[in-house]
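Subject: the structure I promised you

Hi,

Here is the structure we talked about. Have a look at it below, and then read on for what turned up.

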Amino acid sequence: MRSLFVIIPVFNEERTLKAVITGIKLFQPLEIIVVVNGCTDHSSTIAKENGCIVIEHTEKLGQHSARVEGAKKANGDVLLFLDADFALPFSELQQFLTSILFGNCDVTVNKNPKEHSSTEVWKKLVAEWKGHKECGKGSFCKAPFALTKEVLVKSDFIKSTYSVEAFIETLKVAGRIEHRHEIDTKTLNRFHPSHHNGFFHKISCSEKRVIKEHVESISKELLRDKRGGYKDVGRNREILAIQNYNVQKGLGVRSTLYDGQQLSVIVPAQNEAKYIKSVISQARQLEPLEIIIVINGSTDETEEYAKSLGATVVLFENRLGHDVGRGVGASLAQGDILLFVDSDFTIPAQDLFPFAKAVQSGIDVALNKQIDPLTHPVPLWKYALNVACDHKKLETSSLVAVPPLAQCKAMKEGFLVEAVHAVDVHKLNAIRLRGHFAQQGYPPTTELIVGDFFEAIHYLAKL
């Protein structure tokens, strides 16, 4: 059996520290290192009286930095990291440690509860990104967790600034990761109102800190590739730099519906002859100044139908790719309000009107109200980015197709972003075999969108 070495950061935990030490001694560790940092109570004395090696710092290091200080002294085969503010039940800790102590894994993380909190979503995304989806929401953000000395040496754990960064570095070198056992630390942990002060749609101070650490840790990886390794498939961004587009002006009206403001409707289209007539028909009921159809790579009658119905047509022989058509349309729009509509299904005018009216009434970005299950990477990233920008109330509402970087900039620059009306686009949207399915990894559409979210995180980390 492998030898055990225990590391416990401590900040004023004299009420619980003895129980924590007594409990872990049952496993006969080689050493127990207690890293006392910034303490003004008797924590140091208690640790020494109970036979621990004590590393003392007068200043408060922070939990991860204290763990690193302890890890530097490690001489056992397995390093177990514990918190000092509550003792773990022996039977649960025994199950948690069995696999790693008997050499059946390299890292052991606590299996977190099934519900999705603002921070647990980020943990899940990091594990999936690094090819360890099986970890779920397990991480190094919260003890207990354990790793072998070999993994510690091979990784950059000691050099890491945050627990998230340490976990990312560990995932790069770890082979077998144990994640089956759950210890309910949430119930055992003390409630601190000053740190856990989130309510309704507000993010607590503790959540903000953990999310910030995730963003900054991920951003270090993005210095080499701002899309996190996900390809920008089939998108012709260079076309946006061109000013001289092939445009045929269409018809429009100056409306009184929007308190003196005018509406531009922007619709990218590629071989959408089946729906383009009904899409334009519904948009006409909103009294737009213009309906801009950006036709790209089409070989059917989309262009003829759009022109016959008086739309402004922007024509490209080749396919522009995801969201580029929207950018082209936005650059040409003359209206004060820009409404973006898809062309592969029809949304009734009564469901489009609330978005235009919301912008007319003072909202800068009016989103489709969505609360999607957090079981797919795209809604996970939508939710994660919203909470990172302190817009938890948006849930999974997102400018996915514009792309999310635009929404991130709008939120961080103080524009009013709201989810204003719900349209079930999942039922309306067509399934595309090439875009929505893959034998391995993410389907092309998912890979494209996830890469877009990494671009948003790259931007967010630089603020």
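A residue is called buried here when its relative accessible area is under 20%. With that cut-off, Val-324, Gly-325, Arg-326, Val-328 and Gly-329 in helix α12 (residues 324-332) are buried. Strands β9 (263-269), β10 (290-296), β11 (312-316) and β12 (337-340) are among the elements that cover the buried residues of α12. Please keep in mind that this is a predicted model.

**The chain as a whole**

The protein chain has 463 residues, and 52% of them count as buried. Along its principal axes, the C-alpha atoms fill a box of roughly 85 × 45 × 35 Å. You will find 18 helices and 14 strands in it. Of the contacts with a separation of 6 or more, 75% are made by residues 24 or more positions apart. The chain exposes about 21,700 Å², and carbon and sulfur atoms supply 51% of that area. As for charge, there are 55 positive and 55 negative ones, and their mean positions are 2 Å apart.

**The seven-stranded sheet**

Start with the open sheet whose seven strands run in the order β3-β2-β1-β4-β6-β5-β7, with mixed pairing. Its edge strands are β3 and β7 (177-178), each of which pairs on one side only.

How much of strand β2 (residues 31-37) is buried? Six of its seven residues are, which leaves the strand mostly covered. One partner of β2 is strand β1 (residues 4-10), joined to it in the parallel sense over six bridges. If you want a spot to check, Val-6 stands opposite Ile-32 in β2. To get from β1 to β2, the chain passes through helix α1 (residues 17-25), and this β-α-β crossover is right-handed.

β2 also runs parallel to strand β3 (residues 53-57), with five bridges between them. Here Val-36 stands opposite Glu-56 in β3. β2, helix α2 (residues 43-49) and β3 make up a right-handed β-α-β unit too.

β1 has another parallel pairing, this one with strand β4 (residues 78-81) over four bridges. In that pairing, Ile-7 has Phe-81 of β4 as its bridge partner.

For β12, look at β9: the two pair in the parallel sense over four bridges, and Ile-266 stands opposite Phe-340 in β12.

**A few backbone details**

Some loops are worth a zoom:

- The peptide bond from Ala-143 to Pro-144 is cis, with omega near 10°. Pro-144 sits in the loop between α5 (118-129) and β6 (145-148).
- Gln-28 is not a glycine, yet its phi is positive, near 50°. You will find Gln-28 in the loop between α1 and β2. Gln-28 counts as exposed, at 71% relative accessibility.
- Glu-287 also has a positive phi, of about 55°, without being a glycine. Its loop lies between α10 (276-284) and β10.

Last, take a look at Ser-219, which is in helix α9 (residues 205-221). Ser-219 has a relative accessible area of 16% and is therefore buried. How far apart are the C-alpha atoms of Ser-219 and Glu-455? They are separated by 9.6 Å, although the two residues are 236 residues apart along the chain.

Cheers

Technical notes:
Residues are numbered from 1 along each chain as its sequence is written. This is a predicted model: local features need pLDDT of at least 70, side-chain atom pairs count only at pLDDT 80 or more; totals for chains, interfaces and linings use all residues. Side-chain values use heavy atoms; hydrogens and water are left out. Buried means under 20% relative accessible area, exposed over 50%, partly exposed in between (1.4 Å probe, protein chains only). Contact means heavy atoms within 4.5 Å. Accessible areas come from the Shrake-Rupley method with a 1.4 Å probe; for residues, only the protein chains shown count as cover. Lys and Arg count as positive and Asp and Glu as negative; His and the chain ends are not counted. The place of a charge is taken as NZ of Lys, CZ of Arg, CG of Asp or CD of Glu. Two strands pair if DSSP finds at least two bridges between them. A crossover is right-handed if, with the strands pointing away from the viewer, the path from the first strand over the helix to the second runs clockwise.
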